[in-house]
Amino acid sequence: PREPTPAVRDLRARAGLEGPYAIVQPSPALAPDAARLEPALAELAAAGLQLLELPISPCNGDRQGALRLDLETVRLDRWPADPLCMAELIAGADAVVGASFHLAIVAAVAGVPVNRPTLGVGQKYEVLADLEGVHVWDERGSRIALRHGPGAPEAEVARRARLVDGHWDSVAGLLQAPARGAARELAHYLGGLATSLERDCLAAMAREQDAARAAAERA
């Protein structure tokens, strides 16, 4: 959306995220580069950007504070479990810094510069290699320079997005086609199963966050 939705406005207000910002993924995958990243992130802060620590994949170990940065960062009081809310936060950034494939995809589609570690050979990340908006830093220990400043999505990203749109239009067409008997029952079962799994996962994450807060208060 061109204007922040009420859910994102509420998240930003509670966190004090008032101006332009860059997203930093507090991920174990970035920990080896944390010392080199800190001066580069400090340059973004000096350019007037707030640094938002945004866990993208808590299931993969993302935690606020994981990089132990000696910088002032903004932290949300709750993880935005709604995928559209998360996507809106990413799309509203001036830059993203992280290793997540999904973070890179959403940012690229929104025209937000992506800064990430070296792409693995023979992995899914190779599809990002030829995108102009994806900037990979050297793994040999040289200085890291982070790109920022959003713009329009590049032509290749827009082309791929159209292909994805076509794919999901085809899927929707199949689901809207008349179904009968076992096919309909199976579709209902699979839909209910996905909803149940997601609900249980979110409940488990909420319990984990409550336990972490209680432990921090006791400490």
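**Figure 1. Salt bridges in the predicted model.** The structure holds ten salt bridges, a salt bridge being a side-chain nitrogen of Lys or Arg within 4 Å of a carboxyl oxygen of Asp or Glu. This is a predicted model, in which local features need pLDDT of at least 70 and side-chain atom pairs count only at pLDDT 80 or more, while totals for chains, interfaces and linings use all residues. Residues are numbered from 1 along each chain as its sequence is written, and side-chain values use heavy atoms, with hydrogens and water left out.

**Figure 2. The pair Asp10 and Arg14 in helix α1.** Aspartate 10 and arginine 14 form a salt bridge whose closest N and O atoms are 2.1 Å apart. Both residues lie in α1, four residues apart, or about one turn of the helix. Helices (H or I, at least four residues) and strands (E, at least two) are DSSP runs, numbered from the N terminus. Aspartate 10 is partly exposed at 36% relative accessibility, and arginine 14 is partly exposed at 37%. Here buried means under 20% relative accessible area, exposed means over 50%, and partly exposed lies in between (1.4 Å probe, protein chains only).

Figure 3. Within α1 (residues 6–15), Val8, Leu11, Arg12 and Ala15 are buried. These residues lie on the same side of α1 because they cover an arc of only 95 degrees around the axis; the arc is that of the directions from the helix axis to the C-beta atoms. Pro6 and Ala13, on the other side of α1, are exposed. The buried residues of α1 pack against β1 (21–24), β3 (74–75) and α3 (83–91), where contact means heavy atoms within 4.5 Å. Just after α1, glycine 16 takes a positive phi of about 80 degrees.

**Figure 4. A buried pair, Arg36 and Asp33.** A salt bridge joins the side chains of arginine 36 and aspartate 33 (2.9 Å, N to O). Arginine 36 counts as buried at 17% relative accessibility, and aspartate 33 is buried with a relative accessible area of 14%.

Figure 5. Arginine 213 forms a salt bridge with aspartate 210, and the closest N and O atoms are 2.5 Å apart. The two residues are three places apart in helix α6, so about one helical turn separates them. Arginine 213 is partly exposed at 40%, as is aspartate 210 at 42%. Salt bridges that share partners join Asp130, Glu156, Arg159 and Arg160 into one network.

**Figure 6. Nonpolar cores and the surroundings of Leu54.** A nonpolar core is a set of buried Ala, Val, Leu, Ile, Met, Phe, Trp, Tyr and Cys residues joined through side-chain atoms within 4.5 Å. The largest has 32 residues, and those with the most contacts inside it are Ile23, Leu52, Leu54, Ile90, Val96 and Leu128. At least two residues of this core come from each of α1, β1, α3 and α4 (101–110). The largest share, five residues, comes from α4. A second, separate core of 17 residues includes Ala95, Ala99, Ile144 and Leu146. Leucine 54 touches several residues, among them Ile23, Leu76, Met86 and Ile90, not counting residues up to four places away in sequence.

**Figure 7. Leu190 in helix α6.** Leucine 190 is in helix α6 (residues 182–218). Leucine 190 is partly exposed, with a relative accessible area of 47%.
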